[in-house]
Amino acid sequence: MTPTAGDRRSRILGGGAGRNVGVALLSTVVVFGLLTLLVVNSAGWDEVKQKFFNAEEFRAWFPDVLSAFWLDVKIFCVAEVVILVFALGIAVLRSLPGPVFFPLRFMAIAYTDVFRGVPTILVVYILGFGVPGLQLTGVSTDPVVWGAVALVLVYSAYVAEVYRAGIESVHPSQEAAARSLGLSRGQALRFVILPQAVRRVVPPLLNDFIGLQKDTALVALIGPVEAFRQADIGANADFNYTPYFCAAVLFVAVTIPLARFTDWLIARDRRRQQAGRLA
């Protein structure tokens, strides 16, 4: 009896699975063990440990850094929602066909080119110090607001390009089929193209938001006391850099789950595509 492809796959993947896991664990332990020995046996390890990984300093400053970290979380949550909507609008404008929409396409292209070309830190400085300096009536001077606006402007340019890639990945026949059923161009975009495009770009969108979560620390440069600024206060107060490690732990605690969730989505999408090809 001829073995099926599923049987062959099971033997290939399952037969050596346990051995492969064991080899992976052993190699991981060996590599990290050697790195640990290299670090702890270095000449300056005792001083570095005292300055960066002091347990007493960690316990003393972690609550304050954690309290300030909630400002980073608030900025991230608000900016993420605004970016999702604003960037989608930019992507739609850039994908509009026909010469009549050229001015809108030109403005969308100019926006993405400018804000992807200027470093985020410069945008934060320009808006954080420049706009309040204008002293405009009715315009907020809160540095938290303008720091968040700067992040929205920069990341919307990147996310708009992700959206655009998703829109262009939808085959033109999808729109043609929608139009043949009586839908207008706008209805085809809204009900047929955008749902498929957004679903396809969820993993890269999450990657961008991982970067956004880290870059909220840039807001500290214009005054607000968030996690990085609080850590800086602690480091300057005690002449010890352990508070920076406190802030790093908090950012990593949020970033790693997001990264693993992104990996899971990518793997699920890959399995779905493979199942579709085999069907």
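Colleague: Is A150 buried or exposed?

Modeller: Please bear in mind that this is a predicted model. A150 is placed in helix α7. Its relative accessibility is 0%, and the cut-off for burial is under 20%. A150 therefore counts as buried.

Colleague: Which residues does A150 touch, leaving out those up to four places away in sequence?

Modeller: A150 belongs to helix α7. With residues up to four places away in sequence not counted, A150 touches V123, V124 and L127.

Colleague: How far is the C-alpha atom of A150 from that of N240?

Modeller: Along the chain, A150 and N240 are 90 residues apart.

Colleague: Is T120 buried or exposed?

Modeller: T120 is found in helix α6, which covers residues 120-134. Not counting residues up to four places away in sequence, T120 touches L151, V154, D215 and L218. The relative accessible area of T120 is 15%, and the limit for burial is under 20%. T120 is therefore buried.

Colleague: How many helices and strands does the protein chain contain?

Modeller: Read along the sequence, the pattern is α-α-α-α-α-α-α-α-α-α-α-α. The count for the protein chain is 12 helices and 0 strands.

Colleague: What is the radius of gyration of the protein chain?

Modeller: Along its principal axes, the C-alpha trace spans about 80 × 70 × 25 Å. A compact globule of 279 residues would have a radius of gyration near 19 Å. For the protein chain, the value is 25 Å.

Colleague: What percentage of the contacts between residues at least 6 apart in sequence join residues at least 24 apart?

Modeller: Buried residues make up 33% of the 279 residues in the protein chain. As for contacts between residues at least 6 apart in sequence, the share that joins residues at least 24 apart is 75%.

Colleague: What share of the accessible surface belongs to carbon and sulfur atoms?

Modeller: The accessible surface of the protein chain comes to about 16900 Å². The part of this surface that belongs to carbon and sulfur atoms is 67%.

Colleague: How far apart are the mean positions of the positive and negative charges?

Modeller: The protein chain has 25 positive and 20 negative charges. Their mean positions are separated by 16 Å.

Colleague: Which residues are in contact with F58, leaving aside its neighbours within four places in sequence?

Modeller: F58 is found in helix α4, residues 55-94, and is partly exposed at 24% relative accessibility. P119 is 61 residues from F58 in sequence and 32 Å from F58 in space, C-alpha to C-alpha. Apart from neighbours within four places in sequence, the contacts of F58 are T242, F245, C246 and V249.

Colleague: Where does F239 lie?

Modeller: F239 has a positive phi near 55 degrees although F239 is a residue other than glycine. F239 is also exposed, at a relative accessible area of 65%. Its place is the loop between α11 (227-238) and α12.

Colleague: What is the phi of Q135?

Modeller: Q135 is found in the loop between α6 and α7 (143-169). The relative accessible area of Q135 is 69%, and Q135 is exposed. Q135 is not a glycine, yet its phi is positive, at about 55 degrees.

Colleague: Why does R271 count as partly exposed?

Modeller: R271 lies in helix α12, residues 242-278. The C-alpha atoms of R271 and V252, 19 residues apart along the chain, are 28 Å from each other. Residues over 50% are exposed and those under 20% are buried, with partly exposed in between. R271 counts as partly exposed because its relative accessibility is 48%.

Colleague: How far apart are the C-alpha atoms of R19 and G186?

Modeller: R19 lies in helix α2, residues 17-40, and is exposed at a relative accessible area of 65%. R19 and G186 are 167 residues apart along the chain. Their C-alpha atoms are separated by 55 Å.

How values were computed
Residues are numbered from 1 along each chain as its sequence is written. This is a predicted model: local features need pLDDT of at least 70, side-chain atom pairs count only at pLDDT 80 or more; totals for chains, interfaces and linings use all residues. Side-chain values use heavy atoms; hydrogens and water are left out. Helices (H or I, at least four residues) and strands (E, at least two) are DSSP runs, numbered from the N terminus. Buried means under 20% relative accessible area, exposed over 50%, partly exposed in between (1.4 Å probe, protein chains only). The radius of gyration is taken over C-alpha atoms; the globule rule is 2.2 Å times the number of residues to the power 0.38. Contact means heavy atoms within 4.5 Å. Accessible areas come from the Shrake-Rupley method with a 1.4 Å probe; for residues, only the protein chains shown count as cover. Lys and Arg count as positive and Asp and Glu as negative; His and the chain ends are not counted. The place of a charge is taken as NZ of Lys, CZ of Arg, CG of Asp or CD of Glu.
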